[in-house]
Amino acid sequence: MANGYMDRILIVNLSDESIRIEKINLDIARKYLGGKGYATYLLYRYLERYEKEGKYPKDIDPFGEENVLIFATGPATGVSGFPEAGRYHVMALKSPLTGSVASANSGGKWGPYLKFAGFDMVVLEGKADDPVYLEIVDGSIEIRSARDIWGLNTFDTTRILSKKIGDKCSVACIGPAGENLVYYACIINDEHRAAGRTGVGAVMGSKKVKAIVVSGDKRPEIAKPDEFREKSKKAIEKIKNNPVTGEGLPRYGTAILVNIINNAGILPYKNWQTGYNKDADKISGETLTEKYLRKRIACWGCLIGCGRGTEVKEGCFQILNTEGPEYESIWALGNSTGVMELDAIIKANHLCDELGLDTISMGSTIACAMELREKGYISDEELQGLDLKFGNSAAMVEAVWRTAYKAGFGKYLALGSKRLAEMFGNPDLSMSVKSLELPAYDPRGAKGIGLVYATANRGGCHVTGYTISPEILGVPEKIDPLTTEGKAKWAKIFQDFTCVVNSTVNCLFSTFALGVEDYAELLSAVTGFDLDADSLMKIGERIYNLERLIINKLGFDGKDDTLPKRLLQEPMPDGVAKGHVVELEKMKEEYYKLRGWVNGRPTEEKLKELDIP
Amino acid sequence: MRVRVELFATLRRFGKSFEVECTGDLKDAFLAVAKELRDKGDEFLKEIFDEDGNIRKDRIIMIDGRNIKDELIELREGSRITVFPPIAGG
């Protein structure tokens with residue numbers, strides 16, 4: 001089948017160990033592409049089926065048999081020459097952390113290797129009685145006992161399972177955090193890449209699936225090889241010549257953002273109490289490069305190579321061979337917790353990968369606990385010896401393993417910041433939306449990202465629609481971060497385009513150099529579909545709306561498209577955004593109008609217009 | 001007036017931070033830094049100005065945290081001018 005797809009969706013029912021294989025439905029692929037889009041469509045069909053059987057979406061237990069976990073690649077994944085096409089997307093019907101749809105994306109090489117193993121997607125239904133792992137090699141599937149590897153960290157799991165197959169394989173697995181159902185446990189592949197957010201690792205753990213190993217010699221075939229070769233050459237030149245993808249990201253990685261975001265007054269400090277920290281340079285990308293960088297690391301098929309191979313040579317946070325941390329991880333484990341020691345942050349980041357924890361939720365939950373303690377909501381006795389106060393690097397690092405094993409105070413940290421803050425008496429100190437901890441940009445100084453946080457379907461998320469790009473970085477053009485004008489339009493465009501990227505599936509960083517026209521040309525050549533910029537953006541809009549329809553069924557609507565009280569009502573105390581709050585209602589009204597939604601729900605006309613489902 | 005010019009990312013090859021005297025004009029502050037850099041001054045100026053002598057559009061320049069493309073605020077005594085080459089992340 002020469003259209004980028006392998007034409008095989010693997011569906012495993014873990015309850016009865018049955019395996020079935022379905023073909024890619026090309027009518028669906030034309031509407032939803034692949035990756036996130038196709039997975040969202042499949043999840044919607046499960047919801048419909050459950051409703052017919054009398055199981056209501058709001059009653060679905062995230063750790064129950066009825067939750068569905070999907071690993072999805074797109075037509076471009078694993079296609080040599082398609083820029084940055086080494087990623088895959090993970091979705092589940094319900095996240096244990098948020099109660100909304102679970103959605104995460106990861107790099108490395110697992111996505112391409114799933115296609116080389118002969119499959120586009122893996123769908124996990126039901127749950128196993130005893131721990132298992134899946135081995136998918138050259139088109140054949142084995143469900144094997146994971147009794148001997150249950151309990152191991154992600155690194156040992158990966159090495160043991162890889163050794164059985166040989167060199168050319170990739171392992172996606174959970175660590176102790178996923179096994180112990182920590183609400184924000186993640187899936188780790190290739191040891192240091194994470195399908196990080198919304199607790200997809202916990203869903204995998206609830207199904208008692210330890211790992212999925214993929215390997216094979218198959219290769220996706222494409223519709224128009226000559227045309228693709230020409231478009232690919234053009235796209236690769238754009239990526240190489242663009243200053244962000246050709247120099248900035250390769251040289252410094254994402255951590256380069258620390259100083260610019262801090263200087264713009266929006267780097268949240270000490271659980272978002274302010275947005276400027278005079279010591280931020282201590283944990284910046286420049287400092288990381290100068291003191292801790294060993295080498296650059298790239299995902300499969302990637303020209304950018306923003307990954308950081310790092311080491312802490314000596315001291316109590318020594319770790320000789322690790323990867324990262326990324327900007328978000330540095331901020332969450334560092335600036336948000338007041339910890340300004342980069343070696344401690346690197347160590348904590350390493351532990352998150354080893355044990356399988358989302359760094360953003362981990363760091364933000366620790367920061368929330370620190371502020372709760374500072375303000376007297378958590379007593380010293382309740383901390384059971386864990387001295388969580390802003391700036392305490394040893395306690396921050398200790399909190400990571402305590403969370404993974406739900407040990408001592410860690411069992412409260414494992415719930416995430418929203419439940420933690422509710423439990424200890426001040427829910428407003430959880431800086432989250434739909435219970436997903438917010439990432440590293442204070443929207444009081446960049447109003448557009450505030451709208452994105454509020455309206456992202458999976459919860460408080462920046463990559464859903466990265467309006468920081470125009471607001472702070474000036475890409476593709478500079479817009480004023482302190483105003484609300486025009487932000488609704490930007491949010492919608494970025495959200496729809498990002499759905500395209502996550503359905504292709506390739507890396508969002510390509511979009512610093514490539515536009516939707518480039519994607520249309522490349523995808524047309526791969527799939528043979530007749531795509532242009534408009535039709536591709538329509539696909540993105542369709543995916544966003546279908547996902548929104550799912551979360552409406554799960555119980556979310558306009559009242560949940562909001563922000564923490566601090567961002568709506570507490571003026572920024574200092575920095576360039578001093579005195580600002582987020583004027584969300586104004587932006588939301590315009591956004592809903594543009595979206596064709598009423599109270600956070602797509603209208604019937606909008607669904608008809610987009611031919612949903 | 002005395003202002004501080006701070007450089008980031010690849011621009012740090014010229015140094016991290018410079019305290020300079022300037023007339024209050026942004027361009028003048030950069031010329032003052034170039035003077036301090038002596039034989040590296042010309043190379044520095046190429047990083048800031050284009051061939052027409054205007055500030056390069058691909059530089060991210062802030063005065064006290066405010067990007068000059070959003071609002072060119074006046075330099076005051078003690079102002080911080082921060083300069084970044086094109087960078088991004090997630």
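1. In this predicted model, one helix contact in chain A joins H18(A) and H20(A): A:Lys447, A:Gly448, A:Leu451, A:Val452 and A:Thr455 of H18(A) meet A:Lys487, A:Ala488, A:Trp490 and A:Ala491 of H20(A). By class, the residues of this contact comprise 5 nonpolar, 2 polar and 2 charged. The axes of H18(A) (residues 447-455) and H20(A) (residues 487-504) come within 9 Å and cross at roughly 55°, which makes H18(A) oblique to H20(A). The crossing of the two helices, H18(A) and H20(A), is right-handed.

2. How many of the residues of H18(A) are buried? The count is 9 of the 9, so H18(A) is largely enclosed by the rest of the structure. The buried residues include A:Lys447 and A:Thr455, together with A:Ile449, A:Gly450, A:Tyr453 and A:Ala454. The cover over the buried residues of H18(A) includes strand S16 (432-433), H19, H20, helix H23 (565-569) and helix H24 (584-595) of chain A.

3. A:His580 lies in the loop between H23 and H24 of chain A. The residue A:His580 is buried, with 22 other C-beta atoms within 10 Å. The C-alpha atoms of A:His580 and A:Lys447 are separated by 9.5 Å, although the two residues are 133 residues apart along the chain. Once neighbours within four places in sequence are set aside, the contacts of A:His580 are A:Arg444, A:Gly445, A:Leu482, A:Pro571 and A:Met572.

4. H2(A) (residues 35-52) and H22(A) (residues 533-553) pack at an angle of about 35°, with their axes 10 Å apart. Here H2(A) passes H22(A) in a left-handed crossing. On the H2(A) side the contact includes A:Lys36, A:Thr40, A:Tyr44 and A:Leu47, and on the H22(A) side it includes A:Ile539, A:Ile543, A:Glu547 and A:Lys553. The residues of the contact between H2(A) and H22(A) divide into 9 nonpolar, 2 polar and 3 charged.

5. Chain A has an open sheet of 6 strands in the order S2-S1-S6-S3-S4-S5, with mixed pairing. Strands S2 (18-22) and S5 (102-106) of chain A stand at the edges and have a single partner strand each, so one side of each is left without a neighbour in the sheet. Direction ignored, neighbouring strands of this sheet are turned by 15° against each other on average.

6. Within that sheet, strand S6(A) (residues 121-125) has 5 of its 5 residues buried, so S6(A) is largely enclosed by the rest of the structure. Both faces of S6(A) are covered: A:Met121, A:Val123 and A:Glu125 are buried on one side, and A:Val122 and A:Leu124 are buried on the other. In general, the side chains of a regular strand alternate between the two faces of the sheet.

7. Which strands pair with S6(A), and in which sense? Strand S1 (residues 9-13) of chain A pairs with S6(A) in the parallel sense over 5 bridges, and A:Ile9 stands opposite A:Met121. Strand S3 (residues 69-72) of chain A runs antiparallel to S6(A) and is joined to S6(A) by 4 bridges. In this pairing A:Ile70 stands opposite A:Val123. S3(A) is also joined by 4 bridges to strand S4 (residues 88-92) of chain A, again antiparallel, and there A:Ile70 stands opposite A:Met91.

8. The contact between the chains takes 29 residues from chain A and 21 residues from chain B. On the chain A side, the elements giving two or more residues are helix H8 (243-252), helix H9 (257-263) and helix H19 (468-473). Of these, H8(A) gives the most, with 6 residues. The side of chain A that touches chain B has 17 nonpolar, 8 polar and 4 charged residues.

9. Chain B has an open sheet of 5 strands in the order S2-S1-S5-S3-S4, and its pairing is mixed. Strands S2 (17-21) and S4 (66-67) of chain B stand at the edges with a single partner strand each, so one side of each is left without a neighbour in the sheet. S1(B) (residues 2-7) and S5(B) (residues 80-84) run parallel and are joined by 4 bridges; the bridge partner of B:Glu6 in S5(B) is B:Thr82. Helix H1 (residues 26-37) of chain B packs on this sheet and touches S1, S2 and S5 of chain B. The direction of H1(B) makes about 115° with that of S2(B).

Technical notes: Residues are numbered from 1 along each chain as its sequence is written. Chains are lettered from A and ligands numbered from 1 in the order in which they are written. This is a predicted model: local features need pLDDT of at least 70, side-chain atom pairs count only at pLDDT 80 or more; totals for chains, interfaces and linings use all residues. Axes are lines fitted to C-alpha atoms, for helices over the stretch in contact, and angles run from 0 to 180 degrees between N-to-C directions. Angles under 35 degrees count as roughly parallel, over 145 as roughly antiparallel, 65 to 115 as roughly perpendicular and the rest as oblique. A crossing is left-handed if the near helix is turned anticlockwise from the far one by less than a right angle, and right-handed if clockwise. Two residues are in contact if their C-beta atoms, placed from the backbone, lie within 7 Å. Ala, Val, Leu, Ile, Met, Phe, Trp, Tyr, Cys and Pro count as nonpolar, Asp, Glu, Lys and Arg as charged, and the others, Gly among them, as polar. A residue is buried if 20 or more other C-beta atoms lie within 10 Å of its own, exposed if 12 or fewer, and partly exposed in between; C-beta atoms are placed from the backbone. Two strands pair if DSSP finds at least two bridges between them.
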